[in-house]
Amino acid sequence: MAENGEGLGTVPEHERILQEIESTDTACVGPTLRSVYDDQPNAHKKFMEKLDACIRNHDKEIEKMCNFHHQGFVDAITELLKVRTDAEKLKVQVTDTNRKFQDAGKEVIVQTEDIIRCRIQQRNITTVVEKLQLCLPVLEMYSKLKEQMSAKRYYSALKTMEQLENVYFPRVSQYRFCQLMIENLPKLREDIKEISMSDLKDFLESIRKHSDKIGETAMKQAQQQKTFSVALQKQNHVQLGKNMYFSDRIPEERNEVELKRAFEEEDENEEEVLTVQDLVDFSPVYRCLHIYSVLGDEETFENYYRKQRKKQARLVLQPQSNMHETVDGYRRYFTQIVGFFVVEDHILHVTQGLVTRAYTDELWNMALSKIIAVLRAHSSYCTDPDLVLELKNLIVLFADTLQGYGFPVNRLFDLLFEIRDQYNETLLKKWAGVFRDIFEEDNYSPIPVVNEEEYKVVISKFPFQDPDLEKPFPKKFPMSQSVPHIYIQVKEFIYASLKFSESLHRSSTEIDDMLRKSTNLLLTRTLSSCLLNLIRKPHIGLTELVQIIINTAHLEQACRYLEDFITNITNISQETVHTTRLYGLSTFKDARHAAEGEIYTKLNQKIDEFVQLADYDWTMSEPDGRASGYLMDLINFLRSIFQVFTHLPGKVAQTACMSACQHLSTSLMQMLLDSELKQISMGAVQQFNLDVIQCELFASSEPVPGFQGDTLQLAFIDLRQLLDLFMVWDWSTYLADYGQPASKYLRVNPNTALTLLEKMKDTSKKNNIFAQFRKNDRDKQKLIETVVKQLRSLVNGMSQHT
């Protein structure tokens, strides 16, 4: 029962599998058959049985169908056999017809092939034309590029390259010639860079050579503009009635002439005004800048340009070793620098980014430091004030020119103040030579005038007023020719100093202060030094010294006129708080004191010369009865000299007279006490006394007025008391009253008396060998020895007390 049940369940499954095998594709049979083997163990056998049964069923059905259609098949074969003969005939006809068609179509085929070939050629030509139309613009642009390269239109060539790369080449990139062109473009760009860089180098070399011409033109234009402005300003001041710096030198007519000349020069030069573009072709810079900008390498170009220009700046700033010798050396130096920075300023304003304001400021500051150092070093070698003045004018023009281009120049004007001090030093040296020449040419005698014309000539040179000059001609000015000459030269010095102060952009107060300070230096240092050197010269005698003292007095009085002169120039009142005063008073006072001292010295030297002519016979027994000849000559000389001293201030003459008398007294005393003088007789003492009496008579004659009483005679008091002591032989009184205020011989020094007495003792022994046989002589000899002992005791006591 179980097996039957199992068999019944399996049969539908086998039928289903068979249906799937019959109905599905062969590729899917495998899974279906595998399901047979996956079922129960006997399923395979049963499936095979079922499959055989199914095959038998199909064979039966096929057999039935064949049997059903067999008669139709036989009929069809019979029909075919009947048609066979007709088919063969038809075949022969078709073959013959085909042969005829083939023969007839050969010519058509040939013509058709020709047509096809022509159509292909036509299509190819059309394609070629289309491609050529596409390539022709590329070739035309490339040809244009070659032409631009040949014409050195490199910027346009670069633009053409951009168009080729961006527009034309993409259209024909598949062609080999295009690839060759594309490969050639980088080489062309490099060629353009090299060529433009070469042009830039040539440009840099050109502007280096022409910098001086550029700078000269720029400075000339600045000078013309300045001249015109100054002339116009002077004309305005003249119309307004204002005083100008040179109002006492340049009349109004001259101002008008200068203004007219300035306008004429302005008109003449108006058509000749050149700019930096007229002198230099900047196109290489523009081209190179544009080329490198297009190539995207603008930074490289900027760095190269700045680096090369800095090198050129260092070369321009390097001065020649002999630059300080001539003004042309300085001018060439300045024009090159101006030319350099004018070019840089132009590049700054016409290009964008090639140079910047920061770059030019940095370059200018570097250059300015170098310029100041160079000028400071080279100007120190300048000893000619005219050269220093020309240098100053060049520096001012240099500064004004560059200031017009926007460069700061304050440090240059600060440098001018240093150079101004040097200029003043050179002026002082020059005027020292001028003063020396004036002193050498002076005759040191009052200026004589015989008519009104000569009088006006002197007055026009030197401001002098004196009631004594109201007397009729001929008459004399008290000063010598050097005074008006020195006064004129001091004014010339002020003018020369003023020239340097012009164009320094300083106020009138500062200019006034500079003029007064430089004038003070001239007076206190240069003129004072020249006066002192003159006074100390050996050939300057007493008469010349007297005239020098008179001259200094008048120069001192003229200082107030010099102050007025400076005031008229600067329009700064002397009452201003900060106005510097001229130091003429102290300058000429010092010179007078030096001259007075030299008078005393030379007068004493002259006295010494006369004293050296003394020829005393120190062993004479009796005096000559008259004063010595040398002394009378000396007294006559002193009288004549003191007569000249009447023009000196009273105290100077009195001091000179007193100094001369004291020096004469001292010289006579030294003559008596000279260590080489071993003996002296009483007759010689008496002769010496006659000479001293003449000196006293000279002193009492009042050779110089102003002494009170016997003041001048007191110069010989030491000699008088000493000689009185020996003439009277009043030793007892001397020794008794020594040290008393009321002593008759108060001025006699024991040491002096002892020295002279010992010389007389020796003379007494040697000149009279028989003195021992005469009682008076023996007594006198004993007295002398006694007095000598007492004097020695007195001198020793004084030494111990001391």
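**Charges over rings**

I began with R306, whose charged end sits over the ring of Y359, 5.2 Å from the ring centre; I took a charge to sit over a ring if NZ of Lys or CZ of Arg is within 6 Å of the ring centre and within 35 degrees of the ring normal. I then looked up K475, which lies over the face of F473 at 4.3 Å from the ring centre.

**Ground rules**

I note that this is a predicted model, in which local features need pLDDT of at least 70 and side-chain atom pairs count only at pLDDT 80 or more, while totals for chains, interfaces and linings use all residues. Residues are numbered from 1 along each chain as its sequence is written, and side-chain values use heavy atoms, with hydrogens and water left out.

**The chain as a whole**

I found 25 helices and two strands in the chain, where helices (H or I, at least four residues) and strands (E, at least two) are DSSP runs numbered from the N terminus. Of the 802 residues in the chain, 40% are buried; buried means under 20% relative accessible area, exposed over 50%, and partly exposed in between, with a 1.4 Å probe and protein chains only. The chain exposes about 45600 Å², and carbon and sulfur atoms supply 52% of that area, as computed by the Shrake-Rupley method with a 1.4 Å probe, only the protein chains shown counting as cover for residues. Among the contacts with a separation of 6 or more, 79% come from residues 24 or more positions apart, contact meaning heavy atoms within 4.5 Å.

**Aromatic pairs**

I counted 32 aromatic pairs in the structure; rings of Phe, Tyr and Trp (its six-membered ring) pair if their centres lie within 6.5 Å, and planes under 30 degrees apart count as stacked, over 60 as edge-to-face and the rest as tilted. W364 and F398 form a tilted pair, with 6.4 Å from centre to centre and 40 degrees between the planes. This pair links distant parts of the chain, W364 being in helix 11 (residues 357–379) and F398 in helix 12 (residues 385–404), 34 residues apart. Both W364 and F398 are buried. I also looked at Y616 and W618, whose ring centres are 4.9 Å apart and whose planes stand at 40 degrees, so this pair is tilted. Y616 counts as buried because its relative accessibility is 13%, and W618 counts as buried at 15%. Going back to W364 and F398, I found that they belong to one aromatic cluster with Y333, F334, F340, F341 and F407.

**Salt bridges**

Side chains of opposite charge can pair when their charged atoms come close. My search of the whole structure found 25 salt bridges, each a side-chain nitrogen of Lys or Arg within 4 Å of a carboxyl oxygen of Asp or Glu. I looked up three of them in turn.

- D103 and R99 meet through their side chains at 3.9 Å, N to O. They are four residues apart in helix 3 (residues 43–150), so about one helical turn separates them. D103 is partly exposed, with a relative accessible area of 44%, and R99 is partly exposed at 46%. A network of salt bridges links D96, R99, K100 and D103.
- R516 forms a salt bridge with D512, the closest N and O atoms being 2.8 Å apart. Both lie in helix 16 (residues 508–536), four residues apart, about one turn of the helix. R516 and D512 are both buried.
- K602 and E598 meet in a salt bridge at 3.9 Å, N to O. Both lie in helix 18 (residues 584–611), four residues apart, about one turn of the helix. K602 counts as buried at 13% relative accessibility, and E598 is buried with a relative accessible area of 17%.

**K193**

I located K193 in helix 5 (residues 176–240), where K193 counts as buried because its relative accessibility is 18%. Leaving aside its neighbours within four places in sequence, K193 is in contact with Y292, L295 and D297.

**Helix 22**

I checked the span of helix 22 (residues 717–728): at 1.5 Å a residue its twelve residues should span 16 Å, and its end C-alpha atoms are 16 Å apart, which agrees; the expected span is 1.5 Å times one less than the number of residues. The buried residues of helix 22 are L719, R720, Q721, L722, L723, L725 and F726. Helix 22 is followed by W729, whose phi is positive, near 60 degrees.
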